[in-house]
Amino acid sequence: MKVFFERVLFYMKNRFVIFTVFFLGFAIVQYCFSRRLFLSAEVKDLWFYSGICMVLFSILFIEPYYTSPKNVITNVIPLLLVFISIKSEFLNYAFWWTAVIVLLFLLVLSITAIVLENISKSPEHWHNRISALLKNTVVLVGQGKVLYSAMFLYFLLSYSSIQSFYSQVMFILWFFILCINPKGIHNEFIFVTSKEQLDAVGEIFSVQSKKIFLVRLFEDKRNLKLFDIVNFRYSMQDSLDAICIGVVVEICLLNQERWAKILQLSKTESFEGKFEKNTVYHVPLNSVISKELRIDDFVGIVIRGSAIGKIRFKYSKKKDDLQEGDLIELRVGEKRLFYQVVMGITCEEKLEEKNETGFIEGEAIQLGEWQSEKLSFQKFGWVPEINTPIFMADTLSLVVPQFAYPEYKLGVIPNTILPSVIDLHDAIMHHMALLGITGSGKSFLARRIIQEIQKDTKIICVDFNKEFVSTLNPTPNNIIDETQAAKIAGKIDWINNELEKFGNQQDKPSIARAQAETKELLKAEIKKFINDQQCNLKVFELPDLNNTTGILDYTKYFFKSLFEIAKDNQIANKKSLRICVVLEEAHTIVPEWNFAGTSDKTSQGLVNSIGQIALQGRKYGVGFLVIAQRTANVSKTVLTQCNTVICFRAFDETSFGFLGNYVGKEMVQTLPNLKQYHAIVTGKSVRSSMPMIVDLRTKDE
């Protein structure tokens, strides 16, 4: 029954059916009152029925397509010619003159409106303002249903009584004709039962690319909105049997009309009913369709300016929750590629001469295709096509295999299960740097790494401020016994005092013996720590010394002794010995030359000693974990030897310039915006070949 009523309603809105019904109605009325199916030859009958037929014809076939002064002219000129030719038939010459004057006035106004219009001038120019006013007037008064209704009513009232049943029937027919809504009728004869096809919302105006379609929306279809699903079939597609499924990615106002951009997501070969070419049909959204097409995960489309390593995309997301560092994905052929968002900027797009629209343009760097067996991404060597759809990455289906020490999970790519894995042995032996402002998470990560590598690595923390080591649990003891530290400090003070004397006054043999004894004392303490099977973590603290020079010399002797022990042990025992030296607040230990302060020569000697370990220590099992706030303040001799770099939040331009060589200029731009415990990870020990933003938080953070 429902289909029957839908079918009846469908046909009752067909303009040809409506015309036929009213034409038959006139014929029946004519036969009932005159016993004739056809009109008489009298002028009054011809004009009476011509008037009402022209009202019907104008409403059904002319005005839905034409509403302009040109149409008024086509209505007025035939009426003028006929009125002039049948002047003698009129009983009332006053009406004849009135009608002719009105028609002439409409003709003049229509021509004036056309002549005054100047498209090269703005709508506010007086020419165009007058032209618009005249257009509105003549279109309102000169449309066919007004002119021909006036003619119909004149002849009806002139030749028959208003009280007659015939006149009343004709009035009713005329009233129903005026009630017809031209925009609510159609030309189709084939009834389609599919609901989707009854809800046509617009027609395809142009194909902007392989997957983007510009659609002009029908004026009475205001229900279409962003991210709605539509079906369509366009005339230039490869297979006319296929129905395209798309999503609305943009709606805009252009030329006082609503337009939509449709992104094609897929095709289906099976469908019911008849889809008109180039017509777009709204599909009611349900959870099944939404999940299948991933509407909630849709992020945007690839736009021009994209490259192999970086894509640019026009952002359009149902829920506005995309953030820097998030993982997105797209498909290139059979490849499923992942990108990490690094930038978002606002842009404007010019639609036409006077209209502009704003949008957000995002940038993302390529991580590549996930390879489970390697726990990393493999870079893909080509760029995706323009308008390729982009979605939030769904990583739940990806396999993450098990791994064991020395491989270590630093963290995960934000909002995914994909880990960032490093080899801790490689990280320490090839030196590792943690860089970023205070409070960004450097010490938090350093403590985690120290906790892990204690399994098989001797760790010496150099922390002159004693802030970092106090957070370690348990708090480590000094690697140099207090008694021995006092002896070493005394010898260094004596050496410095001797060196301050004039050259001929110095006891050089005694100085040499004191230097050798100092190193032996330090070596003895270091060897004691290395041979201790119960403890793998100590701190290097400074004793009380007379001046800054003494402090620097004490540190320099320590590092020289450490290097010599590691070298001798490696050569003599032929076995692997791993020693990790943690440099907390590295700028206080190995400053850049222009930040060294007053004791330049002595400070530079310390930097050179540590630099020697940085350059050669890997061969002898000594590596650095460098923790610093600003790269500008730390010796580049040491920093440039760090093959694994983890960059936390930073703001200074010097750091940007230095780190750009490691992570790339696109990633550097993200440093000021990184969240706490988020960092850019890159280097030799990291499984991924590309720098990426990683969430370093544990479950407890």
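1. Let me begin with how the chain is connected: 67% of the contacts in the protein with a separation of 6 or more are between residues 24 or more positions apart. Contact here means heavy atoms within 4.5 Å.

2. Some ground rules. This is a predicted model, where local features need pLDDT of at least 70 and side-chain atom pairs count only at pLDDT 80 or more, while totals for chains, interfaces and linings use all residues. Residues are numbered from 1 along each chain as its sequence is written, and side-chain values use heavy atoms, with hydrogens and water left out.

3. On confidence, the mean pLDDT (the predictor's confidence in each residue, from 0 to 100) of the protein is 82, and 84% of its residues reach 70 or more. Confidence is highest in strand 13 (residues 389–392), at a mean of 96, and lowest in helix 9 (residues 195–198), at 45. Please look at residues 191–197 too: pLDDT stays under 50 there, and the model has 20 contacts beyond four places in sequence for them.

4. The secondary structure comes to 19 helices and 23 strands, taken as DSSP runs (helices H or I, at least four residues; strands E, at least two) numbered from the N terminus. Of the 701 residues, 49% count as buried; buried means under 20% relative accessible area, exposed over 50%, and partly exposed in between (1.4 Å probe, protein chains only).

5. Helix 5 (residues 93–116) has 24 residues and reaches 34 Å from first C-alpha to last, close to the 34 Å expected at 1.5 Å a residue; the expected span is 1.5 Å times one less than the number of residues. Among its buried residues are Trp96, Leu103 and Ser110.

6. A search of the whole structure finds 26 salt bridges, each a side-chain nitrogen of Lys or Arg within 4 Å of a carboxyl oxygen of Asp or Glu. In one of them, Asp296 and Lys318 meet at 3.6 Å, N to O, linking two loops 22 residues apart.

7. Which residues does Lys310 pair with? One partner is Glu363, with the closest N and O atoms 3.7 Å apart; Glu363 lies in strand 11 and Lys310 in strand 8, so this pair ties together parts 53 residues apart in sequence. Glu363 is buried, at 14% relative accessible area. Lys310 also meets Glu666, at 3.8 Å, N to O. Glu666 lies in helix 19 (residues 665–668), so that pair ties together parts 356 residues apart in sequence.
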